[in-house]
Amino acid sequence: MPDPGGPNPPALHHQVSAVPERLTAVRRSLTAWARKAGLTAEAAEAATLATYEAMANVVDHAYRDGGPGLLDVHASVTGERTTVVVSDHGRWRPGHRHDRPSGHGIVLIHGLSDDVAITGTEKGTTVRMSWILAQ
């Protein structure tokens, strides 16, 4: 775990094509970053799995009307909280409710994260997940 009085690690950012073969490298990078950020091994694993589920949802749902689009992953530490944001620029499906989990991936994301916010617009979906750092 990093020195509690030390600086936070630099933010992590990946922008990749929303295709399955790109997710493994992002997942590995996030796992290493989460440990440097001060998450316990268990919390780092939870963050990685929740993020992977959010990325898989982008691959499966965001760009159904065309070729693969982009997937963005941002991870940062602010104070005692680690936040990971997964976003896409795909088409929002009207009538799809993210405030009530309907699929296994969304349920898993909620169960693995300390806090989750999912927002969608006509310009894409953003999944914001956070975890409290170990003391």
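**Before you start**

This is a predicted model, in which local features need pLDDT of at least 70 and side-chain atom pairs count only at pLDDT 80 or more, while totals for chains, interfaces and linings use all residues. Residues are numbered from 1 along each chain as its sequence is written, and side-chain values use heavy atoms, with hydrogens and water left out.

**Stop 1: the whole chain**

Followed from the N terminus, the elements come in the order β-α-α-β-β-α-β-β. Of the 135 residues, 41% count as buried; buried means under 20% relative accessible area, exposed over 50%, and partly exposed in between, with a 1.4 Å probe and protein chains only. Contact here means heavy atoms within 4.5 Å, and among contacts between residues at least 6 apart in sequence, 66% join residues at least 24 apart.

**Stop 2: α1 against α2**

Select α1 (23–36) and α2 (41–62). Two packed helices are described by the angle between their axes and the distance between the axes. The axes are lines fitted to C-alpha atoms, for helices over the stretch in contact, and angles run from 0 to 180 degrees between N-to-C directions. For α1 and α2 the axes come within 9 Å and cross at roughly 150°, and the two helices are therefore roughly antiparallel to each other (angles under 35 degrees count as roughly parallel, over 145 as roughly antiparallel, 65 to 115 as roughly perpendicular and the rest as oblique). Show side chains next: from α1, Leu23, Val26, Arg27, Leu30, Thr31, Ala34 and Arg35 meet a set in α2 that includes Ala44, Thr48, Tyr52, Met55 and Val59. By class, the residues of this contact divide into eleven nonpolar, three polar and two charged, with Ala, Val, Leu, Ile, Met, Phe, Trp, Tyr, Cys and Pro counted as nonpolar, Asp, Glu, Lys and Arg as charged, and the others, Gly among them, as polar.

Within this pair, pick Arg27, which lies in helix α1 and, at 31% relative accessibility, counts as partly exposed. Leaving aside neighbours within four places in sequence, Arg27 is in contact with Thr48, Tyr52 and Met55; Arg27 and Met55 are 28 residues apart in sequence and 9.4 Å apart in space, C-alpha to C-alpha.

**Stop 3**

**Stop 4: the core**

Which residues touch the most other members of the largest nonpolar core? Select Val86 and Met129, which do so among its 34 residues; a nonpolar core is a set of buried Ala, Val, Leu, Ile, Met, Phe, Trp, Tyr and Cys residues joined through side-chain atoms within 4.5 Å.

**Stop 5**

Move to Thr51, found in helix α2, which counts as buried at 1% relative accessibility. Beyond residues up to four places away in sequence, Thr51 touches Leu30, Val73, Val84, Val86 and Met129.

Finish at Leu12 in strand β1, which at 12% relative accessibility counts as buried. Apart from neighbours within four places in sequence, Leu12 is in contact with Ser29, Leu30, Trp33, Val73, His74 and Ala75, and the C-alpha atoms of Leu12 and Trp33, 21 residues apart along the chain, are separated by 7.3 Å.

Definitions and conventions:
Helix = DSSP H or I, 4+ residues; strand = E, 2+ residues; numbered from the N terminus.
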